[in-house]
Amino acid sequence: MRRRLLFGLVMVLGFAGAAGAFHFAHASFVRAANERQLEEIVAQVVTRTEVAVDLAVIQLGELMAAGLTRCDGASLTAIRRAAFSVGSLKDVHVIAPDAHCSGFGEAALVDRARVREGVRHPGRNRNIALARIVDPDWRGLGVAWNLGGSELVAVMTTDALLFDMLPGPLREHAAITLSVAPGREVARYAPMGWEAEGAGIGADALARFDARSARYPLFVDVAVAPAALAAWNRESRPLFTIAGLLFAALFGFLLARAMAPPRSEVDALDAAFARGAIIPFVQPIVALGTHRIVGFEILARWVERDGTVIPPARFIPLVESSGRSDRLLETLLHGVGESLGPILRARPDLKATINAAPDQFVADGFPQRLAAMLEAAGVPPSSLVVEITERREIASPEAARATVAALRAVGIGVAIDDAGTGHNGLATIQGLGATILKVDKLFVDRIDADHRTRSLVEMLVQVARDFEMTLVAEGIERPEQAAALLAIGVREGQGYLFARPMPAGAFPAALAAEAPEPARPAPAALRLSA
């Protein structure tokens, strides 16, 4: 529950953080894109104005090349023709020391004095200069070509140069200015009330974008209200918003997975150990001749709070592969000690068998660790038998023999489980020094119906007899199997015929249910349910 709460909290915080970051990143991206677009706009105005000036310069150059730079009729006719050929060109003035005329004479767009008095601002070509021409009702640009003692001045209108250059959403919140020098405006676009808006915002607070020409003294400046710049291109786009929310949700989920990862199988196993879900069950071992309980096998069971039982086949391999074999052994012995410790101390004839993983069995210090576990659990060492399976090859027979010797030295017995089914031959069985040999259920299932199986079990009986080992048959389920095993010399067995595995705490009741007489019929007397 705590992990789920942490997972949910981290996911919500991650989602909120990612959504905020996405919003901030989107706003920054849009603002950067807007700024680039405005920089492109001022550059376009510069280029547009340069082209217009170039066209005027071309017309002046053609007049000069034709020698039409005086106030005679031919020159004035050529000037009028030039003015009609270029849309932004309105007139050409000839300014000489002793004369000043224009193509349209008295109908000229501006007063001649305004053209003559305008301050010249030279460009890269020092013979060509630009001038701001201001009349009470008109403002424009003069392109002056110095001829030495005289001057040709092309008078241009500039309003069209700024027309429709600002994007629609900014036209009510921005101003664009064309100048030939700082403060020397020749064209300007600004919405109604812009000066008041600009003054209200403060000149320093306006977002400004500017550019200048490399060939002419031309300067372009755009001033934008910050709020309008921030809102531009930020219209709601449902698909984009959905994509952002999905990204934020995915980020929150991945962050939660990283900080509160799902519980792994090993984590679940450790949690089961911690809450006591892994407990010992026991299955009685009986004397086949008398049907008396002579011992029991300790089995691991994983039982959840709701009663769900996780099969050993699902978690025992995980126990072994994750290095928790000692923890399982300690848990089971502790549980047996709590439930059956007094019985084992009072009944030294009862033997409790328990499985050990092959790698665990040959590991350094295993006998010492096992002895310490028994002491902590209150289980007498002489009551315990450790089973090692024959289904898996013993990696180091020498280490196994040393472990068997160390265990037997403190009174702990050793059994070979699943005899006849695995990798270890008779020489290995003999060399280990085990005291019990357990016949696998595979042979018990067919002992009363297959003479070849019977022959194999008879061989194991002889091996046990020769090596002075006790033979125990596993998986006995039918009376006929018990009778056949007893007939060939097997003296002890376990299986559903006698009792299913039961919680360790139920075993004392099974012992108490035994009849005092030794000849009680097997099926009626020994069917003990968990």
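The legends below describe close-up views of a predicted model.

Local features are described where pLDDT is at least 70, and side-chain atom pairs count only at pLDDT 80 or more, whereas totals for chains, interfaces and linings use all residues. Residues are numbered from 1 along each chain as its sequence is written, and side-chain values use heavy atoms, with hydrogens and water left out.

**View 1. The disulfide between Cys71 and Cys101.**
A disulfide is a covalent bond between the sulfur atoms of two cysteines; here the term is applied to a pair of cysteine sulfur atoms within 2.5 Å. The whole structure contains 1 disulfide. The sulfur atoms of Cys71 and Cys101 lie 2.0 Å apart. The torsion about their S-S bond is about -100°, so the disulfide is left-handed. Cys71 belongs to the loop between α1 (2–65) and α2 (73–85), and Cys101 to strand β2 (residues 99–102); the two are 30 residues apart, and the pair links distant parts of the chain. Helices (H or I, at least four residues) and strands (E, at least two) are DSSP runs, numbered from the N terminus. Cys71 has 33% relative accessibility and counts as partly exposed, while Cys101, at 7%, counts as buried. Buried means under 20% relative accessible area, exposed over 50%, and partly exposed in between (1.4 Å probe, protein chains only).

**View 2. The open sheet of 6 strands.**
The strand order is β2-β1-β6-β5-β4-β3, and the pairing is antiparallel. Two strands pair if DSSP finds at least two bridges between them. β2 and β3 (120–122) are the edge strands, and each pairs on one side only. On average, neighbouring strands of this sheet are turned by 25° against each other, direction ignored. Axes are lines fitted to C-alpha atoms, for helices over the stretch in contact, and angles run from 0 to 180 degrees between N-to-C directions. Strand β4 (residues 128–135) pairs with strand β5 (residues 138–146) over 8 bridges in the antiparallel sense, and Leu130 stands opposite Val143 in β5. Helix α2 packs on the sheet, where α2 touches β1 (89–96) and β2; the direction of α2 makes about 150° with that of β1.

**View 3. The open sheet of 4 strands.**
Antiparallel pairing joins the strands in the order β8-β7-β10-β9. β8 (185–189) and β9 (207–212) stand at the edges with a single partner strand each, so one side of each has no neighbour in the sheet. From one strand to the next, the twist averages 15°. β9 pairs with strand β10 (residues 219–224) over 6 antiparallel bridges, and Ala207 stands opposite Val224 in β10.

**View 4. Strand β7 and its partners.**
In strand β7 (residues 174–179), 6 of the 6 residues are buried. In a regular strand the side chains alternate between the two faces of the sheet. From β7, Ala174, Ile176 and Leu178 point one way, and Ala175, Thr177 and Ser179 point the other way. β7 pairs in the antiparallel sense with β10 over 6 bridges and with β8 over 4 bridges. Thr177 has Asp221 as its bridge partner in β10 and stands opposite Arg188 in β8. β7 and β8 form a hairpin with 5 residues between them, and Gly183 in the turn has a positive phi of about 80°.

**View 5. Leu333 in the largest nonpolar core.**
A nonpolar core is a set of buried Ala, Val, Leu, Ile, Met, Phe, Trp, Tyr and Cys residues joined through side-chain atoms within 4.5 Å. The largest has 78 residues, and Leu333, Phe361 and Leu370 have the most contacts inside it. Helix α9 (residues 325–346) gives the most to this core, with 8 residues. Beyond its neighbours within four places in sequence, Leu333 is in contact with residues including Ile298, Ile354, Leu370 and Met373; contact means heavy atoms within 4.5 Å. Apart from this core lies another, of 49 residues, among them Leu141, Ala174, Val220 and Trp232.

**View 6. Helix α7 and its cover.**
In helix α7 (residues 265–274), Ala268, Leu269, Asp270, Ala272 and Phe273 are buried. The cover over the buried residues of α7 includes β11 (278–287), β12 (293–303), α8 (312–321) and α9. Gly276, which follows α7, has a positive phi near 75°.

**View 7. Positive phi at Asp164 and at His291.**
Most residues other than glycine have a negative phi. Asp164 has a positive phi near 60° and lies in the loop between β6 (151–157) and β7. Asp164 is partly exposed, with a relative accessible area of 49%. His291 has a positive phi near 65° and is found in the loop between β11 and β12. With a relative accessible area of 17%, His291 is buried.
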